[in-house]
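Hi,

Here is the structure I promised to pass on to you. Have a look at it first, and then read on for my notes on what turned up.

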2 protein chains.
Amino acid sequence: MAAVTYELLKTDNRTKARRGRVHTPHGSIETPVFMPVGTAATVKAMRPEEVKEMGAQIILSNTYHLYLRPGHEIVREAGGLHKFMNWDRAILTDSGGFQVFSLGDLRKITEEGVEFRSHIDGSKHMLSPEKSIEVQNALGSDIMMAFDECAPYPADRNYVKNSLERTTRWLARCKEAHKNTDNQSLFGIMQGGMYQDLRYQSAMEIVDLDLPGYAIGGLSVGEPKELMYSVLDYCVDYLPANKPRYLMGVGSPDCLFEGVERGIDMFDCVLPTRIARNGTAMTSRGRVVIKNAAHERDFTALDPECDCYTCKNYSKAYLRHLFKSNEILSSMLLTNHNLHFLVKLMGNIRKAIEEDRFLEYKKEFYDKYGKF
Amino acid sequence: MAAVTYELLKTDNRTKARRGRVHTPHGSIETPVFMPVGTAATVKAMRPEEVKEMGAQIILSNTYHLYLRPGHEIVREAGGLHKFMNWDRAILTDSGGFQVFSLGDLRKITEEGVEFRSHIDGSKHMLSPEKSIEVQNALGSDIMMAFDECAPYPADRNYVKNSLERTTRWLARCKEAHKNTDNQSLFGIMQGGMYQDLRYQSAMEIVDLDLPGYAIGGLSVGEPKELMYSVLDYCVDYLPANKPRYLMGVGSPDCLFEGVERGIDMFDCVLPTRIARNGTAMTSRGRVVIKNAAHERDFTALDPECDCYTCKNYSKAYLRHLFKSNEILSSMLLTNHNLHFLVKLMGNIRKAIEEDRFLEYKKEFYDKYGKF
């Protein structure tokens, strides 16, 4: 049996939203779930216990970053990523594919893999399906992602077709290279850009490999949200119902609702942690830009509906002061709030699905949150 | 009765070291004590609960910084500094004197006070004894420091004499301006540079005002440590035994031992928090510079004798990785360790005094710590 399995608990009565559970060697994950991102073996500005306390069940970490620094062999010698970073719940690692493709002029794609220069010191490296899996095996993540090529948006049909077919060939090589199937599971990634027939082709090819889970890649890459939603509408139908479905790189509240409604189980995004460090909070009343003068004498909490550590103990006036003073505590408190907000939101969504009121909950949320 | 009182519990049998207790409206403080610095209403990179958990009983905050940002009126409206920053134990605020004198060309000293330009936006301000007390009354700190002039080192006798006499006149004005004696206590500051007769003159003048506590200022300003110790030797004798004695701006382990040995009760310094952010840890085996290549594959704790959160959960290899990756968690974990180290050190010193083995403990510590 695969290290990671999916259990479908309930499907919404009116949408494709579903309530499930992903079992991993480091605990079970209630889905739909939002996964906080810990790129460099740390969820930025957070102690891992704080991430646990808010209810996060799985975090994401990054093969490209950890391969370059500190190096995957060091993480292996440390006893794996869980031990290295003091996180005993599940970890998903992405393959590094997205990061090396993002390097632009610093990389060259061949059938073998991607040759690139480090963004840290300019040194030359090669990331291939085999290398990505070797690194992820060393890290010991519960869920490993296939090394894929994420086509940009827009991209012409021919480019996207070649790219998805290479992604399939690379996926077979990833599966072949994977040496630790008892403790780690490999997820495939569907590509195909915004072309329905190519999405179908990609799905058929990767589903054929019978992996424990599948991601939808190549979305949230600059296309309009409405286009992403319409692509999602059919993508999910091409994936098996008995495997978890993961929409990569998505984390704004509206995209989470729309993704869940279309049958997505897993999400990740740097958005909540990144905007926190830039002084922006996600709240039940929409986004709050903490540096605004309006908050100078506002001694109320960031979010009147939130029960997180930040909202229980600090005022907007204090948070504004910290942000304007470049204090580290500003990043700590806003990150804590934003992650808590999304983790709690997903908990509410799960409860709503269980109670057959997902669409009602979505409307309630939007009514308060306002325009996205 | 003064808001802050001192209780002498025991004097060491061979040195001037003493075990005492300072009572404040926000709890009692076991002395000798090290006070972590939270300049801008936050101990940098720490949640206040973490500072409490390690046993810190009082923190220091800064009049100059809070006057400029967010402004003391905002802190007053927030319900005072304790509430604003979520810290329910004691707070000591310095007067802002040291900071405005440090501004160099940006300030002008007159009998009235110090005219200066903000380091943030260049705006013009005046800090005087009355203004400093007004700000500290608004902040609501338990212990307020007098607005003094800290002479530089070296400085000629005449300069130092004029400066200490002005400090005395300013102290009388501070005492006069203080409007909240039930809840806040004003400490005087002895000046006099490295001149014994001037230290004596200063002490006599300020002790005459019968304040609840006294600080020794104008040390640790660049003079050799041996000179500081020899000045301390006589300074303490000029201060009353029934009041707490506070040595300002001192926080390296050797200076703490030497200060305690000479009868000092209270210390503060940015050293542990500042060097933490620069990647240096204080440990029982001396300082550890975490970025050093020697730690790349060192999977042991920072300090084998430490039971802090950082040492219990993370390796030097991980801490090195975080520091080299510019991760905020690096500052969080190293700050936690360094503060814990000094707070625990002071606890050990208190215990040693109680058990009449202060000098033995000092020797044990130095033997392991190595050269300072």
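**Helix pairs**

In chain A, helices α13(A) and α14(A) are oblique to each other. The model is a predicted one, so please read everything below with that in mind. Helix α13 covers residues 316-324 of chain A and helix α14 covers residues 328-354 of chain A. Their axes are 7 Å apart, and the packing angle is about 130°. As for handedness, α13(A) and α14(A) make a left-handed crossing.

Which residues bring these two helices together? On the α13(A) side they are A:Tyr318, A:Leu319, A:Leu322 and A:Phe323, and these meet A:Leu329, A:Ser330, A:Leu333 and A:Leu334 in α14(A). Sorted by class, this contact of α13(A) with α14(A) holds seven nonpolar residues, one polar residue and no charged ones.

Helix α9 (residues 225-235) and helix α10 (residues 253-261) of chain B have axes that come within 10 Å and cross at roughly 20°. With that angle, α9(B) is roughly parallel to α10(B), since angles under 35 degrees count as roughly parallel. The crossing of α9(B) past α10(B) is right-handed. From α9(B), the contact draws on B:Lys225, B:Met228, B:Tyr229 and B:Leu232, while α10(B) supplies B:Asp254, B:Cys255, B:Glu258 and B:Gly259. Here the contact of α9(B) with α10(B) divides into four nonpolar, one polar and three charged residues.

**The sheet in chain B**

What is the strand order of the sheet in chain B? Eight strands make up an open sheet in the order β4-β14-β13-β12-β11-β10-β6-β5 (chain B), and the pairing is parallel. At the edges stand β4 (33-35) and β5 (58-62) of chain B; each has a single partner strand, so one side of each is left without a neighbour in the sheet. From one strand to the next, the twist averages 25°.

If you want a pair to click on, B:Leu60 has B:Leu92 in β6(B) as its bridge partner.

Helices also pack on this sheet. Helix α6 (residues 129-139) of chain B lies across β6, β10 (143-145) and β11 (185-190) of chain B, and its direction is at about 160° to β10(B). Helix α8 (residues 196-207) of chain B packs on the sheet too, where it touches β11 and β12 (213-216) of chain B and makes about 160° with the direction of β11(B).

**The sheet in chain A**

Chain A has an open sheet of eight strands, in the order β4-β14-β13-β12-β11-β10-β6-β5 (chain A), with parallel pairing. Its edge strands are β4 (33-35) and β5 (58-62) of chain A, each of which pairs on one side only. Ignoring direction, neighbouring strands of this sheet are turned by 25° against each other on average.

Helix α8 (residues 196-207) of chain A lies across β11 (185-190) and β12 (213-216) of chain A, at about 160° to β11(A).

**Where the chains meet**

How many residues does each chain bring to the contact? Chain B gives 39 residues and chain A gives 39 residues. Between them the chains bury about 3600 Å², with 56% of it on carbon and sulfur atoms. On the chain B side, the residues that lose the most area to chain A are B:Arg47, B:His321 and B:Ile328, together 18% of what that side buries.

**Backbone details worth a check**

A few backbone points may interest you before you set anything up. A:Arg69 and A:Pro70 are joined by a cis peptide bond with omega of about 15°, and A:Pro70 sits in the loop between α2 (63-68) and α3 (72-77) of chain A. In chain B, a cis peptide bond links B:Tyr153 and B:Pro154, with omega of about -5°; B:Pro154 belongs to the loop between β10 and α7 (157-177) of chain B. Finally, B:Asp210, in the loop between α8 and β12 of chain B, has phi near 50°, a positive value in a residue other than glycine.

Best wishes

Methods: Residues are numbered from 1 along each chain as its sequence is written. Chains are lettered from A and ligands numbered from 1 in the order in which they are written. This is a predicted model: local features need pLDDT of at least 70, side-chain atom pairs count only at pLDDT 80 or more; totals for chains, interfaces and linings use all residues. Side-chain values use heavy atoms; hydrogens and water are left out. Two strands pair if DSSP finds at least two bridges between them. Helices (H or I, at least four residues) and strands (E, at least two) are DSSP runs, numbered from the N terminus. Axes are lines fitted to C-alpha atoms, for helices over the stretch in contact, and angles run from 0 to 180 degrees between N-to-C directions. Contact means heavy atoms within 4.5 Å. Angles under 35 degrees count as roughly parallel, over 145 as roughly antiparallel, 65 to 115 as roughly perpendicular and the rest as oblique. A crossing is left-handed if the near helix is turned anticlockwise from the far one by less than a right angle, and right-handed if clockwise. Ala, Val, Leu, Ile, Met, Phe, Trp, Tyr, Cys and Pro count as nonpolar, Asp, Glu, Lys and Arg as charged, and the others, Gly among them, as polar. Buried area is the accessible area (1.4 Å probe) that two parts lose on being put together, summed over both.
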